[in-house]
Amino acid sequence: RMLSKVARGAKDSEEEGIKECSLSMNLFGRKKQPDIGAQSSSSGSSSEATAKAAIDKLRETTETLEKKEEHLLRKIDGEVKQARTFNSAGKKREALMCIKRKKMYEKQLEQISASKMTLETQRLALENLNINRAALQAQKAGADAMKQMTSQMGGVEAVEDTMDSVEEQLADADEIGQAMARPVQLGDADDDELLAELEELEEFEQEGLDRKLTSVKGAAKNEESAYEEAELESWPSAPMPSAPTSMPSAAMTDEDRELAMLEASMAM
């Protein structure tokens, strides 16, 4: 009975504590949930800072190990010199101690070289991870920008529709240009009538050319006659030869007249 009373009292006190806790949460408000974006950005910056700190630490430790290596190399050289000196002086025991210390230093040097190699490997891996992370962030930013621009353009289907519309408009413009360049038919004139009219124009032009040619020939003949008359007038006056008693059988040609005039002038 005592145990049951104690258990019942503990249960009642627990229920009262839960009620008081819920009442306090209702009075002062619930705890604000953390922002996921802020957590991601803070985690990204913290991880970047952590990686940078780790790289700096690895580089610093590597430099420390390199200095330790140089110190051990100097000690090894010193032990070798002392061992040679003791050996030359006949101090074999001291020379052996120098050789032992040299071996210890060489073992430490091997351990440091291995540690330094591990540190350098880790540092290079972290630097490569940093480069890959930066490249991934740049690629993600580029992908987001491309996605946004594609959405602004309406997507692939909208671009295809626009290009189809452009092609249709260009085809319409080409057809309009061809239609504007086509000759316009004026009236219903027959081809035979057009050819007959063209022949009449050619005959009329040919007649005009013949008239012009005839007038040019007449002018040339008149000029030739005037020139001959001028030459006859320029000759000196002389008695004309007696007329022949007999008439010529035929009319004299132009050449005969010129020959007769030439003989008359020579007779003078």
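This is a predicted model: local features need pLDDT of at least 70, side-chain atom pairs count only at pLDDT 80 or more; totals for chains, interfaces and linings use all residues.
**Entry 1**

Residues are numbered from 1 along each chain as its sequence is written, and side-chain values use heavy atoms, with hydrogens and water left out.

Next I looked up the largest nonpolar core, which has eight residues: L58, L65, L72, I76, Y105, L109, I112 and L119. Such a core is a set of buried Ala, Val, Leu, Ile, Met, Phe, Trp, Tyr and Cys residues joined through side-chain atoms within 4.5 Å. The elements giving two or more residues to this core are α2 (36-88) and α3.

**Entry 2: helix α3**

I then followed α3, residues 92-152. Its 61 residues reach 89 Å from first C-alpha to last, close to the 90 Å expected at 1.5 Å a residue (the expected span is 1.5 Å times one less than the number of residues). I listed its buried residues: A95, C98, K102, Y105, L109, I112, K116, L119, R123 and N130. Buried means under 20% relative accessible area, exposed over 50%, and partly exposed in between (1.4 Å probe, protein chains only). Just after α3, I noted that G154 takes a positive phi of about 95°.

**Entry 3: A83**

Is A83 buried or exposed? I found A83 buried, at a relative accessible area of 8%. A83 sits in helix α2 and, neighbours within four places in sequence aside, is in contact with A95, C98 and I99. I also checked A83 against K102: they are 19 residues apart along the chain, and their C-alpha atoms are separated by 9.5 Å.

**Entry 4: M163**

M163 lies in helix α4 (residues 155-181). M163 counts as partly exposed because its relative accessibility is 46%.

**Entry 5: the whole chain**

I counted six helices and zero strands; both are DSSP runs numbered from the N terminus, helices being H or I of at least four residues and strands E of at least two. Buried residues make up 8% of the 268 in the chain. Of the contacts with a separation of 6 or more, 75% are between residues 24 or more positions apart.

Methods
Contact means heavy atoms within 4.5 Å.
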